[in-house]
Amino acid sequence: MITCLADGFFPDVGVATVKLLRRLGVTVDFPESQTCCGQPHFNSGFHDDARDLAKHTIAAFAKSPLIVTPSGSCAAMVKLEYPELFHDDETWHPRAMALANRTHELSDFLVNVMKVEEVGARFDGSVTYHMACHLRGLGLFQEPIRLIQNVRGLRFVPLERYDECCGFGGSFSVRYPAISGAMVTDKAAFIEKTGVDAVVATDAGCLMNIGGCLNRKASRVRILHLAELLAQT
Amino acid sequence: MNYAQHEHHEFVEASTEALADATLQTALVRLTDTLLAGNRRGYAALADSSELRDHAKAIKEHTLSHLDQYLEQLEASVHRLGGKVHWAATAEDARRIVVDIAKKANCKHAVKSKSMTSEEIHLNPALENAGIEVTETDFGEFIIQVAGERPSHLVAPAVHHTRESVARVLSKHLGEDLPDDPKSLAMVGRRVLREKFRRADLGITGANFAVAETGTVVLVTNEGNGRITTTAPRVHVAIMGIEKVIPRFRDLPVFLKLLARAATGQTLSVYTTMITGPRKTGELDGPDEFHLVLLDNGRTNILATPFRESLQCIRCGACLNACPVYRRIGGHAYGGVYSGPIGSILTPLYDSVPLNPHLPHASSLCGACQAACPVKINIPHMLIGLRELQHEYKPSRWEEWAYHLWSWALCQPWLYRWGMWAARLLMRWQAVDGWLSHLPGPGSEWTQVRDFPAPAAKSFRDLWKEMQT
């Protein structure tokens, strides 16, 4: 499952995910009818619309034995919210549950399903890590960090307040740009303070927000999705 | 408008003002850093903190499922001990009840221990109108009372002040030139408050917990003022929201273990006061009269809704300290009595959903609140639920249609691809190195402090086709 944000704005994340999984011997498919998981609609309280998109997504992946997505945000939507959206629907609830159980965020899939922490990646430089908020909901606190620390040639620098939200939050960043802006400005300052070459995160939403702020500051720190880091050899 | 003094519905204006207030920013970062670190340390120090929190939540849920039964049991227990129980359906009822008790007992000087419930019912102005002097005795509350302000945090009401501003406020109030070191200021507070305690004939408190089985009202404080407030004056009135009842005495340690840890990281607060009725024959301390006011004020309306979980809140303030939004705008910006993530749920529910359109949206849904909550309240879910409820109260047809059209288009893969293509065409020509420095319309605010990425030249689904060959 490639999120709509990655599809349109960060396609390299999708490409890196495919490369990485293929390198690890996984057969990868991309059901082309997939579009968006419906999280924006769900979060804004338009639950009927979210249900339509959930049904569309459930149908798109009906034949996929396992679903991996390079996004904690979409994984959380599918795993935590889909079953909730259909809690009183006898037809769709079992389907939602089935998809939820088969879906894994990338680091979750690598560490907890494939049981690999060393994926054969190499990165000559220093990185720091920002924890995407949806990983909190999924309970994925250590998985990305272990994967990062096992990359050869990489120097890991911890980030101050690494688990504090970057201020994206979808519609939140548009509705309250000043508060969101203050949050991302702080986040960018902490990242700059580490003096690293790149900041790694698991979600395109965080990366576009943080990257947008770093770019505005003409920072030399670049943004890197976990999949992109792990795909490098 | 002075947002520190008055409740309001101007979230955007108030939060903008707060973001520009350098003193407030320093105070907020300092306090929330300390308390959030305390919260995490507190939970980490317990081997089974997650299970304990689940257990506490289960007790709360059980109690809410039998709320009528436990409240009647509490009433009977308090009566048995010689206390009186008063049922207040609304804030107005509660104010009237307290004022009547005071008048009947001919009380003139009230001292109060910190109570958010008394803030909720706006008790102080009602007592003052009835000619009763009211003094807040929690030092933070005392400071803001003197400054004419509202609490900006559930457990640290004067967090928006620094020691310099406290010295200014107290100097002006007392007509003295006070130094700004915390110890001297605390000694001034002690001097002033001792005198108030000596004269007080009415003590007013909230209640952190009330045990149905024994009729025990439990107060958790750090300054000891709660203890003097409940023992020195001849009349004690405790005001509690009906959701604060717990079934048995043996449930209490579960919550005591969690409350202070969640709030500040303390193992226990400095004082845990348990009041079991008025003074009995032969006892030296305690009031002649003990009154317990049970406040509904909209709570039973929530009981059968998806927002019922909000009634599990034990008012520790942990969600405020963990919230990246609260830590940037402080409590006054939220406009209501309760601030922060839990306030964004309680204020619309208790005050008005349509009058508080911003609060449910003033969150990035990051979930830090739930992670810090001692009873794991799913605050993000309830905020989303309130957003859904808003559409019923005050539907924005334009927004409804926009989302509906969007979701419909997303369900047609060809239209989705076409949309991506159009976005690429519209946005890419003005991008520099893949980033846009200005967005039109509602996006223009976004690009005030950050750039926006331009769509890539080829989408992933285009590249996927290439990867097949």
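Two residues are taken to be in contact if their C-beta atoms, placed from the backbone, lie within 7 Å. The structure described here is a predicted model, in which local features need pLDDT of at least 70, side-chain atom pairs count only at pLDDT 80 or more, and totals for chains, interfaces and linings use all residues. Residues are numbered from 1 along each chain as its sequence is written, while chains are lettered from A and ligands numbered from 1 in the order in which they are written.

Chain B contains 21 helices and 12 strands, where helices (H or I, at least four residues) and strands (E, at least two) are DSSP runs, numbered from the N terminus. Along the principal axes, the C-alpha atoms of chain B fill a box of roughly 95 × 55 × 45 Å. Of the 469 residues in chain B, 49% are buried; a residue is buried if 20 or more other C-beta atoms lie within 10 Å of its own, exposed if 12 or fewer, and partly exposed in between. Among contacts in chain B between residues at least 6 apart in sequence, 73% join residues at least 24 apart.

B:Glu289 is found in strand E10 (residues 289-295) of chain B, and B:Glu289 counts as partly exposed because it has 19 C-beta neighbours inside 10 Å. Leaving aside residues up to four places away in sequence, B:Glu289 touches B:Ala105, B:Val235 and B:Pro278. Between the C-alpha atoms of B:Glu289 and B:Tyr403, which are 114 residues apart along the chain, the separation is 59 Å. B:Glu133 lies in strand E3 (residues 133-136) of chain B and, with 15 C-beta neighbours inside 10 Å, counts as partly exposed. With residues up to four places away in sequence not counted, B:Glu133 touches B:Lys108, B:His109 and B:Ala110. B:Glu133 and B:Cys107 are 26 residues apart in sequence, and 9.3 Å apart in space from C-alpha to C-alpha.

The next topic is the meeting of the two chains. The contact takes 50 residues from chain B and 54 residues from chain A. Several elements of chain B each supply at least two residues of the side that touches chain A, among them H1, helix H18 (379-393), helix H19 (397-410), helix H20 (413-428) and strand E12 (452-453). The residues on this side of chain B divide into 29 nonpolar, 13 polar and 8 charged. Here Ala, Val, Leu, Ile, Met, Phe, Trp, Tyr, Cys and Pro count as nonpolar, Asp, Glu, Lys and Arg as charged, and the others, Gly among them, as polar.

The axes of helix H11 (residues 177-194) of chain A and helix H1 (residues 11-19) of chain B come within 9 Å and cross at roughly 30°. That makes H11(A) roughly parallel to H1(B). A:Ala178, A:Ile179 and A:Ala182 in H11(A) meet B:Ser15, B:Thr16 and B:Leu19 in H1(B). The residues of this contact divide into 4 nonpolar, 2 polar and no charged. For these axes, lines are fitted to C-alpha atoms, for helices over the stretch in contact, and angles run from 0 to 180 degrees between N-to-C directions; angles under 35 degrees count as roughly parallel, over 145 as roughly antiparallel, 65 to 115 as roughly perpendicular and the rest as oblique.
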